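Here is a short report on aromatic contacts and surface charge. Look over the sequence and the model first.

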Amino acid sequence: MDNTATYIGFFILVAVLVGSAVLRTRRREKAAIAAAHRAGLSTEGPRAQHPRIDISHCIGCGACVDVCPEDVLAVIAGKAAIASPAKCIGHGLCAEACPVGAIEIVMAKPSIGADLPALSRELETNVPNLFVVGELGGLALIKNAVNQGRDVVDTIAERFARRGRPPVGSGAVDVCIVGAGPGGISAALRATERKLSYLILEQEEFGGTVARYPRQKLVLTSPVEFPGYGKFKKLQLSKEDLLKFWDQVRREANLSVRTQERVERVEQLAAGGFTVRSTRGAYPARSVVLALGRRGSPRKLGVPGEDLPKVMYSLLDAEAYTDARVLVVGGGDSAVETAMGLAHQRGNTVTLSYRKEAFTRIKERNAQRVRELAKSGKLKLLFNSQPVAIRPQAVVLEVAGQPRELPNDYVWVLAGSLPPNEFLRQAGVQLGARDLTEAARAEASVPA
């Protein structure tokens, strides 16, 4: 009798555990569907590095979902799935967290990455000794840029040790680094470690894109190791904290960097190497690392009045604007963060105009915050709208097909940017996200 009671108790416990697992799965499915509904499932899919899930090995534990900071993944029908693909920016934390190795990080399909430079596994373009790191190659995140900057300099140093340096001439640096963001800083630090001469050219401020973030914007990172400075373990920190750290690194390492100097052309030399031409001079270099991001030129609206001085394309200090009637145009994270920053300043009336019916590609934490601000009345959202004319004291919008005039003091246009594709083409770089190493092997295997 005692054994019977034990067995019954055991089976009841199993049933409870199974029932709890089923309920958890259903809750995850419900949350995934809600997240997908909020974000809008993208038909394009991820635009760069993203997870590929092997369903046959996935055990549906949800570890990947728990670590994903952008609310990209969910457990649906007991298996991990990409619920909001457009939000993925390639953290790779999901692959690290998966206990059964069912996730690998891959690049987007070639049709989506058609405007990306084609890179080998060493991050080299089709132009020998011309490398690309960070966002320009399709990867976001500080961690990725830092790791790639370090790795390409290792490749350059090992190549020079095997083959010798290209005979560029006197005064040439081993590595010319274009861009002083995380990838460029990491490359310069590694060059110092590997005893390579280098020069950094930056068109704006030291710190690259991060230096132009709004004040106190949180920069999400993963633990990352800066060459010569050990592992940086903070997962979230302000823009100011990160720039302070980089400034310390710059002073201690005595980095060779020229700011406010935009690179206009990279020219190949017949004997090998390059001439890098900037707004201030020409620099011979044996190799080039492009760490300049994908910002390019800001995308403009092309409407009457856009040339007025009140129209701007970036916000550095929201606190400088108070008691103003503000319009922000755009639907990405930059536009949403700018609008929220301005909405928190004294006396501002802020409207955010977006041409689509809902936000589809913003981070989940931004989606939550902007909903809260809109609900509180601090920020007005106008979907299905776009400016058609900008006047000194007003803006004319088309809202759901109808004209509407808003009194206005300032306009911020944050509608993305035009990537530096023409710059790449002039340098001879082939566009199209494919692995040049694999392509070369395939070509070599074809009989002549």
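## Aromatic pairs

Rings of Phe, Tyr and Trp (its six-membered ring) pair if their centres lie within 6.5 Å. The model examined here is predicted. The structure holds five such aromatic pairs.

One of them joins Tyr321 and Tyr410. Tyr321 sits in the loop between strand E18 (311-312) and strand E19 (325-329), while Tyr410 belongs to strand E25 (residues 410-413). The pair therefore ties together parts that are 89 residues apart in sequence.

## From pair to cluster

Tyr410 also pairs with Trp412. Here the geometry is tilted, with 5.9 Å centre to centre and 45° between the planes. Tyr321, Tyr410 and Trp412 form one aromatic cluster.

Tyr410 is partly exposed at 28%.

## A positive surface patch

Arg299, Arg355, Lys356 and Arg361 form a positive surface patch. One of these residues, Arg355, lies in the loop between strand E20 (349-353) and helix H8 (364-376). Arg355 has a relative accessible area of 57%. Arg355 is classed as exposed because that value is over 50%.

Key:
Residues numbered from 1 in each chain as written. Predicted model: local features only at pLDDT ≥ 70, side-chain atom pairs only at ≥ 80, totals over all residues. Heavy atoms only, no water. Patch = residues over 30% accessible without salt bridge, like charges linked within 9 Å, V, L, I, M, F, W, Y side chains within 5 Å. Areas by Shrake-Rupley, 256 points an atom, 1.4 Å probe, with all protein chains shown as cover. Salt bridge = Lys/Arg side-chain N within 4 Å of Asp/Glu carboxyl O. Lys, Arg positive; Asp, Glu negative; His and termini not counted. Charge placed at Lys NZ, Arg CZ, Asp CG, Glu CD. Helix = DSSP H or I, 4+ residues; strand = E, 2+ residues; numbered from the N terminus. Buried < 20%, exposed > 50% of the residue type's maximum accessible area, 1.4 Å probe, protein only. Phe/Tyr/Trp six-rings, centres within 6.5 Å; stacked < 30°, edge-to-face > 60°.
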